[in-house]
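Visitor: Could you show me how to read a protein model, one feature at a time?
Guide: Gladly. Let us look at it together.

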Amino acid sequence: MPKPDKHVFVCAQSRPPGHPRGSCGEKGGADVLNEFMNAQQMRGLFNIQITATGCMGPCPEGATVLVYPEGVMYGGVSKEDVATIIDEHLLGGTPVERLLMPAEIWS
Ligand code: FES
């Protein structure tokens, strides 16, 4: 198996309706994950590893996507944003500014 150039973690966490933290699941996390998986297959992007994860912390800002090796975290991601993340960041090397989590998320 070749070593991936990028590793994309997509939060697919769900919580019961009305839970105070909410979840990426209720914000379309599963749709985002499926869109990444479909695009990978359709475009042959097998140098990119895609992994479904549980909660990564900033639930109110979901759906959340984290890209390594850069450690870039995106928030409010919808399935319509996936092609942009692939084209501009994963292939183009430039993170998508409008989807970046605030820097304070890491403090
Ligand atoms: S549920 Fe996705 S970051 Fe917490």
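What follows is a short tour of the sheet, the helices and a few single residues.

Guide: Please keep in mind that this is a predicted model.

Visitor: Let me begin with the sheet. In what order do the strands stand?

Guide: The order is β2-β1-β3-β4, in an open sheet of four strands with mixed pairing. β2 and β4 are the edge strands; each has a single partner strand, so one side of each lacks a neighbour in the sheet. From one strand to the next, the twist averages 20 degrees.

Visitor: Which way do β1 and β2 run, parallel or antiparallel?

Guide: They run parallel, and six bridges join β1 (residues 6-11) to β2 (residues 48-53). You can trace individual pairs: K6 has I48 in β2 as its bridge partner, and F9 has T51.

Visitor: And how many bridges join β1 to β3?

Guide: Four bridges do, and here the strands run antiparallel. One of the pairs to look for is V10 with its bridge partner V65 in β3. V65 also leads you onward, as its bridge partner in β4 is Y74. β3 and β4 are antiparallel too, joined by three bridges.

Visitor: How should I picture the side chains along a strand?

Guide: In a regular strand, side chains alternate between the two faces of the sheet. For a case to look at here, find Q49, which lies in strand β2.

Visitor: Is Q49 buried, partly exposed or exposed?

Guide: Its relative accessibility is 30%, so Q49 counts as partly exposed. Q49 and Y68 are 19 residues apart in sequence, and their C-alpha atoms are 9.7 Å apart in space.

Visitor: What do β1, α1 and β2 make together?

Guide: With helix α1 (residues 29-43), the strands β1 and β2 make a right-handed β-α-β unit.

Visitor: How do I describe two helices that pack together?

Guide: Two packed helices are described by the angle between their axes and the distance between the axes. In this model, the axes of α1 and α2 (residues 82-91) come within 10 Å and cross at roughly 60 degrees. The two helices are therefore oblique to each other. The crossing in which α1 passes α2 is right-handed.

Visitor: I like to look for cysteines. How many disulfides does the structure hold?

Guide: The structure holds zero disulfides.

Visitor: What should I expect of the backbone?

Guide: Most residues other than glycine have a negative phi, and most peptide bonds are trans.

Visitor: Where can I find cis peptide bonds?

Guide: One joins G62 and A63, with omega about 5 degrees. A63 lies in the loop between β2 and β3 (65-68). The peptide bond from Y68 to P69 is also cis, with omega near 20 degrees. P69 belongs to the loop between β3 and β4 (72-74).

Visitor: Which residue takes a positive phi in the hairpin of β3 and β4?

Guide: That is G71, with a phi near 70 degrees. The hairpin has three residues between the strands.

How values were computed
Residues are numbered from 1 along each chain as its sequence is written. This is a predicted model: local features need pLDDT of at least 70, side-chain atom pairs count only at pLDDT 80 or more; totals for chains, interfaces and linings use all residues. Side-chain values use heavy atoms; hydrogens and water are left out. Two strands pair if DSSP finds at least two bridges between them. A crossover is right-handed if, with the strands pointing away from the viewer, the path from the first strand over the helix to the second runs clockwise. A disulfide is a pair of cysteine sulfur atoms within 2.5 Å. Axes are lines fitted to C-alpha atoms, for helices over the stretch in contact, and angles run from 0 to 180 degrees between N-to-C directions. Angles under 35 degrees count as roughly parallel, over 145 as roughly antiparallel, 65 to 115 as roughly perpendicular and the rest as oblique. A crossing is left-handed if the near helix is turned anticlockwise from the far one by less than a right angle, and right-handed if clockwise. Buried means under 20% relative accessible area, exposed over 50%, partly exposed in between (1.4 Å probe, protein chains only).
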